[in-house]
Amino acid sequence: SSDLTWDRSTGKVFIALHKAAASHDMIQACAHAEILNMILHRDLSSCKIHRSTLLTLQKRAHEAPYDRVWETVTETHLLLDNIFPEFLKGLTAAGWVTDRHLLDFEEWRIDWHMAGAKSD
């Protein structure tokens with residue numbers, strides 16, 4: 001329940017949360033932003049998990065024409081969809097409280113409706 005925007009010119013990632021977003025949605029959105037940050041600005045050659053996938057995404061992101069950057073956002077989202085459940089379990093197992101968040105960011109909440117979707 002979040003929407004992520006990446007401003008390639010400034011390197012900033014913006015997250016908009018749906019008004020009904022739960023704590024795990026916020027954690028997942030921040031993890032997605034951090035994965036993008038890693039792909040854009042870090043040396044991933046010694047990464048321990050999903051190294052080849054992250055390196056491939058990094059190469060694509062750096063080579064992508066400006067109008068194709070959304071492919072990187074989409075691909076990182078798909079990666080995170082696969083690894084987030086295990087990541088969240090790991091946080092819980094390590095003693096993190098995940099039913100609320102203490103992330104230090106300014107929250108922006110919006111209400112969006114998709115065409116044909118039921119409204120709450």
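Biologist: What share of contacts in the protein chain between residues at least 6 apart in sequence join residues at least 24 apart?

Modeller: That share is 60%, where a contact means heavy atoms within 4.5 Å. Keep in mind that this is a predicted model, where local features need pLDDT of at least 70, side-chain atom pairs count only at pLDDT 80 or more, and totals for chains, interfaces and linings use all residues. Residues are numbered from 1 along each chain as its sequence is written, and side-chain values use heavy atoms, with hydrogens and water left out.

Biologist: What makes up the order of elements from the N terminus on?

Modeller: The protein chain runs β-β-α-α-α-β, giving three helices and three strands. Those are DSSP runs, numbered from the N terminus: helices are H or I with at least four residues, strands are E with at least two.

Biologist: Why is α2 called roughly antiparallel to α3?

Modeller: Helix α2 (residues 51–63) and helix α3 (residues 69–93) pack at an angle of about 165 degrees, their axes 10 Å apart. So α2 counts as roughly antiparallel to α3, because angles over 145 degrees get that name. Axes here are lines fitted to C-alpha atoms, for helices over the stretch in contact, and angles run from 0 to 180 degrees between N-to-C directions.

Biologist: Which residues in α2 and α3 meet?

Modeller: Thr53, Leu54, Leu57, Arg60 and Ala61 in α2 meet Thr72, Glu75, Thr76 and Leu79 in α3. The residues of this contact divide into four nonpolar, three polar and two charged.

Methods. Angles under 35 degrees count as roughly parallel, over 145 as roughly antiparallel, 65 to 115 as roughly perpendicular and the rest as oblique. Ala, Val, Leu, Ile, Met, Phe, Trp, Tyr, Cys and Pro count as nonpolar, Asp, Glu, Lys and Arg as charged, and the others, Gly among them, as polar.
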